[in-house]
Amino acid sequence: MYFPTSAARQLCTVPPLPDAKAEALLCIEPSPRKSLFCALTRSELTVWRVRPSAPLAHLARSETSLSKHGDNLAASWSPDGSRIVIQTTRPYLVLVTVEYVPEISAYHAPEIAQGVQRKFLAGPGEAQTLQSLSLAFEGVIRTEGNVISVLACKHYMLFSTASPPAIQRIPWPAYDDSDSGGRLVKKSFAGCNTWMLNEEELPWLVDPDVTVTEIQQPAAGVETWITSDGRVYLVRLQESKNSDSTSDEGDAIGFDETSFLQEGHSASRLEHQHHWQGTCVHHYEVPRWVQKSRQVERGNSERPAYVEPRRATRVAVNAKFSLIAIGTLSGNVEFAPFPISGNALQPEVVEVPNLFNRPRGEVLTMEWSSDGYVLAVGWQHGWAILSIGGRCLASNFGADGNLDKGRLQDVFMHGVRDLFWGPGNFELVVLPNPRPAKTDGQIFILPFAKSATTSQLSPDNTRYAFLQLDDRALVYRGADQPDMSVINPESDVWQHIKVPQPYLASNWPIRYSALSNDGRLIAVAGRRGLVHYSATSGRWKAFANFNQEQSFAVKGGLLWFHHVLIAAVEMAKSYQIRLYSRDLELSDQNVLYCEAIVSPVVILSLVDNSLLVYTADNMLSHYLIIPTSDAIRLHYCGSITFNGVIAAPSTVRVLSWMIPSAQKQFGDPADDLAVATVLLMVGGQLVLLRPRKAGSQEVKYDMQIFADRIEFCWIHLRGIGALENSLWGYDGRGLRVWLNALTMESPSSAPHRIKESVNIPLDFYPLSVLMDKGIIIGAEPELIARNNLPFVIFRQATSSHLFLHHILRVHLESGQVQEAVLLAAQYQNLVFFAHALEVLLHVIVESEEPGGYSSNAPLPAVIEFLDHFDVALDVVVGCARKTEVTRWRRLFNVVGSPQKLFEHPYATGYAQMCLSTGRLKTAGSYLLVLHNLEQLDENNEDVIRLLRSALDAQDWQLCRELLRFLHSIDDSGVTLRHALAETGLSVEELRP
């Protein structure tokens, strides 16, 4: 779903200032909105703009400050972006204020004569001027003990110290000018708190004799701690209502229930009225020989005396998918679900392909993308992009290990120490390991292409493979091409559609993309406004009035209903659903219809002419789209709440439903919500809600859980044969298919799991299921690295996989021959239909154990199934020639004698023989089978009969092959001369 593309950009990291020092960067830290980032060296701080990538402000500390307060070590932004906290090597925190000066540009163009000035078009996100920033020292805070890690919160700074081992909290400096004649006077640091790491104050620590090496805040009100013994904790600071101190308020997604958090006591001063709650989410068993010894030696770089391979070095929490990623000292990355009360965590180690067995080192940095779909990981000797299902989408370990390190400029290929995702997740900013010989050009930006379903997982977006890039959209057009173009990896079947430059320059990054049902119409929405495109005319349409474009933002999604674009928008803190026509120019005057709603839209879904709107207040509303000859409108049918069913509305990513046919034909649309079966994907969990009436009006739902950690799903309400109402989900390893998923009956009212009907393993990432061609389309990354190039090139290659034989096998193993025939008949006109059946037969033959055949073996059912198709003879012999000879006797015991297949029909099999139907090449293939099974007669009459038929058909190529076959089975040439004499054929006739 995320693929690196083209080549990385390299930034000049030494500011062009006379007093700037060429020092190695220590870290890069993005601002809360990720429009800026700061780069920190030993003595200097530089604030950069992400797009366009340019430094805006530079601040250098004096030598006196460095010697007194210590060198820079790490930096953190305050949540409002107004301060940067610098951690130093001594017990001090340096506060830097960030003042924004929007009316002044950071750069001024030089005065150039009019005749020599050049006009450059602004790139994506480059239309706005580079506003100035002012960095100033606010002050220095002396801490009690050396600071290990700092977390800048809304109202205070939270940091851990080594000596004493504690967690400390200091509020931000407050100023008062009421009694100072207009001068700002700093107030005292009232409300400072200290919690010692011991069994009394934090009894939930597995080992209280530790320090906290890293503090993070993945969501408001919840933090993650990594302790020096390598364990990870989820913690929350619980405060009473009458407490004077104020904590950051807000409920974290997935942390609504705190029953899994154990309470800790407050500090010794009872007036604090607060305590910590926490639970260990990454635990390991220590060997007995070190259980009684201290695992941490203070003052020794916090390295444990016993080196545990599973010791955590980094942690990243994915609240959208309820997933915790933990990087370890051994280099492994473990995925663990959120803790549930009473259930033990079961972490999963993610496999990262390493063909050249290169060392990885420990995990140095990790970050989830803002949509939660992928995790970027940096090791001492590499990097990788991992999906939530554990699939490696890209890494440096696939590159040749013999690259010239001295020539290669892309030094991030040898290790990454820090990284973060840029706005829209189209770029990954990385800081490689330092090189002593080079202190400039230390930051690299990797561009990415991502599936449009990461922003909006709608059925139309999954019908075609649809990728988003920084400035364009890629649409897979292989579905409209001949069959062979689909399976040919060399075919260029991607259409590149550039988004208009003026729109992207002002509204980058792209947030939503929508494709129409026929793939001809595209809509794109960025930071503000929207534009749409028609593949028929090749033209984009955008707002002519810039103010109208900037007056709203798309929040909730885009959908196409024929030529009408449906958009959920936010405008001046109000929420609307707007309808635009592709045939009219974009303007406020040409809005076809506008429906006001009271809550932000989370997701839109379109099923036939029913528009489903799920909003942040946990309500599902149903609208009918009613077009007339001169207008179109939305008719409100009703709504239903999912309170008690969905805990966090913002995690819903897929919404669809199925209405019973009787309700469709005869029912009132206002009652559709009460009888509809609702399909949801909440986070990574795929669930089905079946309505059940309780009383006169109240509707309750029986929940069926299909799978957890599903990355994408495809819903086919109008599939082919048994594929109708099927559900396809990708879990990072393969496609899981539930046949007739939406029509299954619920055996009980309690939540229960439904096992998939088919599991299709894939070695690439799927992007679309071409139902009418029986093919899964996907992509896999490619990395091009050569010794004659100073950089590496990334691209994605198109891959395909036949799914027909997987579905047929399920039917045949269940004895459903007729259902398999009906399904296969829908695909028999495809060029590769015979190949799909051959793969099916080959899989069945290879799966049977030699000599251990049972009465329930599926091979007889497969042969009975093949009997219904004309290509059966070719399929059988094609499979035989690709199968071990030891399995032939089992195959032909079921199929029938190859002698009969060569010339005669057999009782349970095919009605015509190869020779009589003119399948001469097929008959020639059976000769090899007859020869290996020693069923050819001594006079080779079968070969001679086929040779005569080939002569009559003037198939000279087959004649030559038959003569070579006769010569191969008899080196003396007697058999060959006998055949020539019987057919009256001379060698001269066969010469070209």
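Visitor: What is the strand order in the open sheet of four strands that includes E7, and how are the strands paired?
Guide: The order is E7-E8-E9-E10, and the pairing is antiparallel. This is a predicted model.

Visitor: Which strands stand at the edges there?
Guide: Strand E7 (72-77) and strand E10 (131-142) do, each with a single partner strand, so one side of each has no neighbour in the sheet.

Visitor: And what does the twist average?
Guide: It averages 25 degrees from one strand to the next.

Visitor: How many bridges does E8 have with E9?
Guide: Strand E8 (residues 83-88) pairs with strand E9 (residues 92-105) over five bridges, in the antiparallel sense. Within that pair, Arg83 is opposite Thr97 in E9.

Visitor: Back up a bit. Where is Glu44?
Guide: Glu44 lies in strand E5 (residues 44-49).

Visitor: Buried or exposed?
Guide: Glu44 has 3% relative accessibility and therefore counts as buried. The cut-off for buried is under 20%.

Visitor: What does Glu44 touch?
Guide: Leaving out residues up to four places away in sequence, Glu44 touches Asp19, Ala20, Lys21, Glu23, Ala39, His58, Leu59, Ala60 and Asn72.

Visitor: Zoom out. How many helices and strands in the protein chain?
Guide: There are 20 helices and 59 strands in the protein chain. Of its 992 residues, 56% are buried.

Visitor: What about contacts between residues at least 24 apart?
Guide: In the protein chain, 57% of the contacts between residues at least 6 apart in sequence join residues at least 24 apart.

Visitor: Next, strand E27. How many of its residues are buried?
Guide: Six of the six residues of strand E27 (residues 374-379) are buried, so E27 is largely enclosed by the rest of the structure.

Visitor: Which residues sit on which side?
Guide: Val374, Ala376 and Gly378 are on one side, with Leu375, Val377 and Trp379 on the other. Both faces of E27 are covered. In a regular strand, side chains alternate between the two faces of the sheet.

Visitor: Which way do E26 and E27 run, and over how many bridges?
Guide: Strand E26 (residues 363-368) and E27 run antiparallel, joined by five bridges. Trp379 in E27 is the bridge partner of Val363.

Visitor: What is the order in the open sheet with E40?
Guide: That open sheet of four strands runs E40-E41-E42-E43, with antiparallel pairing. Strand E40 (553-561) and strand E43 (593-597) are at the edges with a single partner strand each, so one side of each is left without a neighbour in the sheet. The twist averages 20 degrees from one strand to the next.

Visitor: How many bridges between E41 and E42?
Guide: Eight bridges join strand E41 (residues 564-571) to strand E42 (residues 574-581), and the two run antiparallel. Leu565 is opposite Tyr580 in E42.

Visitor: Helices now. At what angle do H11 and H13 pack?
Guide: Helix H11 (residues 833-847) and helix H13 (residues 872-881) pack at about 50 degrees, with their axes 9 Å apart. That angle makes H11 oblique to H13. The crossing of H11 and H13 is right-handed.

Visitor: Which residues meet in that contact?
Guide: From H11, Ala834, Leu837, Glu838, Leu841, His842 and Val845 meet Val875, Val876, Gly878 and Cys879 in H13. The residues of this contact divide into seven nonpolar, two polar and one charged.

Visitor: Last one, H14. Which of its residues are buried?
Guide: Trp888, Arg890, Leu891, Phe892, Val894 and Val895 are the buried residues of H14. Helix H14 (residues 888-895) is mostly covered, with six of its eight residues buried.

Visitor: What comes just after H14?
Guide: Gly896 does, with a positive phi of about 130 degrees.

Methods:
Residues are numbered from 1 along each chain as its sequence is written. This is a predicted model: local features need pLDDT of at least 70, side-chain atom pairs count only at pLDDT 80 or more; totals for chains, interfaces and linings use all residues. Side-chain values use heavy atoms; hydrogens and water are left out. Axes are lines fitted to C-alpha atoms, for helices over the stretch in contact, and angles run from 0 to 180 degrees between N-to-C directions. Angles under 35 degrees count as roughly parallel, over 145 as roughly antiparallel, 65 to 115 as roughly perpendicular and the rest as oblique. A crossing is left-handed if the near helix is turned anticlockwise from the far one by less than a right angle, and right-handed if clockwise. Contact means heavy atoms within 4.5 Å. Ala, Val, Leu, Ile, Met, Phe, Trp, Tyr, Cys and Pro count as nonpolar, Asp, Glu, Lys and Arg as charged, and the others, Gly among them, as polar. Two strands pair if DSSP finds at least two bridges between them. Buried means under 20% relative accessible area, exposed over 50%, partly exposed in between (1.4 Å probe, protein chains only).
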